[in-house]
Amino acid sequence: MKSRNKNNRPHYVIVGNSIAGIAAIEAIRERDRERAILVIDREMREAYSRPLISYYLEGRVDEETMRLRPAEFYKKMKVRVLAGRNVTALKARERLLITDNNERMPYEKLLLAVGAEPVMPSIPGLVGPQVCTFAHLKDANELKKRVKRGQGAVVIGSGFIGIKASEGLKALGAKVTMVELDNRPVPSMLDAEAGKIVAAHIRRSGVKLVLSNRVVAIRRKGASVVAAALKSGEEIPCSSVVVAIGVRPRLGLCRGTPIKTKMGILVNSHMETSVHNIYAAGDVTETAVLHGGRKNIPIWPLAYEQGTVAGTNMAGGNMAYKGRMPMNSMEVFGLPLIALGDTTTDDGEMEIMMLRSRTSSAYKKIILKNNRIRGALFLGEIERAGIFAGLMLDTVDVTPFKEELLKENFGYIYVPRQHRAKHISPLEV
């Protein structure tokens, strides 16, 4: 076969077929049109947009709309795809993968783009029918088939995934209760004030939000879910449970290998792991952060960027991944929210600027350190968030216009000319 080397070894093997893997394929083909690419993925379908799962559950998009690339993409890119196949072992020294049907897959260069997996708490009764996570299209399809109008549904966790699952369930007509261990929703990004605003908005939207509590048991009658028991003693009648307390990098393949991991797979600026010719990208990685340190940041745009860097370097290029920052954008039952950088930490050296509207749900928070923006939170009014993202990425000293940052008319006119062209544009998060 022309596209394989003399040892019959596919040159590039990518484990994972989501956005990081797609970006890597495109980057490889920019430099190498011939050598074989093999993609192995646990799901049976072509790559789709996971952020659209809640819209799919609501009926706002269909599976065709969710495709990341046209159906002919893989053929055009000369990519062989093994769908519905799990890689169960990685033999790094032998440059060999073993799949769940005991097939041996050699490689020359490997990309691990295996993503993250939902965290499943240890709760009596949780394992069984009518309980799912909300990470894949199959989860949404299961809920679509099962949930009927007027039935109770409990969502464990009120982070981004929990909120999007609740929106979808609400659209199906379910009576939704969201249970959060912390005292506010999205606690990783919202401070106390923003948490109050978002909590009130969720409740006004018709979802019961239970804070500072937790599910301690799932009650079943036979195999069927009938209620969720809370630590407070309350029992919430329900026939469906969605677990949405977070995700963690899928590191199982790295166990027993020389690949170094901490909170994710450790990679250098070329997205190469501690093992030569093994790369990693996306939600499975721990990478450099803009203002120092390393972090696992499981968000879509960074996964795409990391996949591009990995694919370029796998194909012989020289591209570096620059430290980035957490960036999240979403709507909470129609209320827009953008969080940039670290929005909840205060090490004692931070300067916090806040503005709360008296007449609406609008809220702004800017976190400064040494007159550089380290974090920003926008609730309700998000139109200028792209400007702040640019100032953060360029680590601009905002001293000359610091007092203007929270003003309604703050805009391009205050930004130094040399920083306007590169990043001061609508932010894709």
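Biologist: Which elements give two or more residues to the lining of the second largest pocket?
Modeller: Keep in mind that this is a predicted model. The lining is made up of R42, E43, M44, R45, N86, E117, P118, T133, H136, K138, D139 and R250. The elements that supply two or more of them are β8 (116-118) and α4 (137-146).

Biologist: How many charged residues are in that lining?
Modeller: The pocket holds about 300 Å³ of space. By class, its lining has two nonpolar and three polar residues, and the charged ones come to seven.

Biologist: Let's pick E43 from that lining. Is E43 buried or exposed?
Modeller: E43 sits in the loop between β2 (37-41) and α2 (53-58). Buried means under 20% relative accessible area. E43 has 12%, so it counts as buried.

Biologist: Which side chain makes a polar contact with the side chain of E43?
Modeller: Leaving aside neighbours within four places in sequence, E43 touches Y48, R50, A83, G84 and H136. One of these pairs up side chain to side chain in a polar contact, at 2.9 Å, and that partner is Y48.

Biologist: Over to helix α6 (residues 192-204): how far does it reach from its first C-alpha to its last?
Modeller: α6 has 13 residues, and at 1.5 Å a residue 18 Å is expected. The helix in the model comes close to that, reaching 18 Å.

Biologist: And which residue just after α6 takes a positive phi?
Modeller: At the start of α6, a side-chain oxygen of D191 comes within 3.3 Å of the backbone nitrogen of E193. Just after the helix, a phi of about 100° belongs to G206.

Technical notes
Residues numbered from 1 in each chain as written. Predicted model: local features only at pLDDT ≥ 70, side-chain atom pairs only at ≥ 80, totals over all residues. Heavy atoms only, no water. Helix = DSSP H or I, 4+ residues; strand = E, 2+ residues; numbered from the N terminus. Buried < 20%, exposed > 50% of the residue type's maximum accessible area, 1.4 Å probe, protein only. Polar contact = N/O pair within 3.5 Å; in protein donor to acceptor, adjacent residues only side chain to side chain. Contact = heavy atoms within 4.5 Å. Expected span 1.5 Å × (residues − 1). 1 Å grid on protein atoms, 1.4 Å probe; cavity = no way out; pocket = protein on both sides within 12 Å on 5 of 7 lines; lining within 4 Å. Points joined across faces, edges and corners; volume = space filled by probe spheres on them. Nonpolar A, V, L, I, M, F, W, Y, C, P; charged D, E, K, R; others polar.
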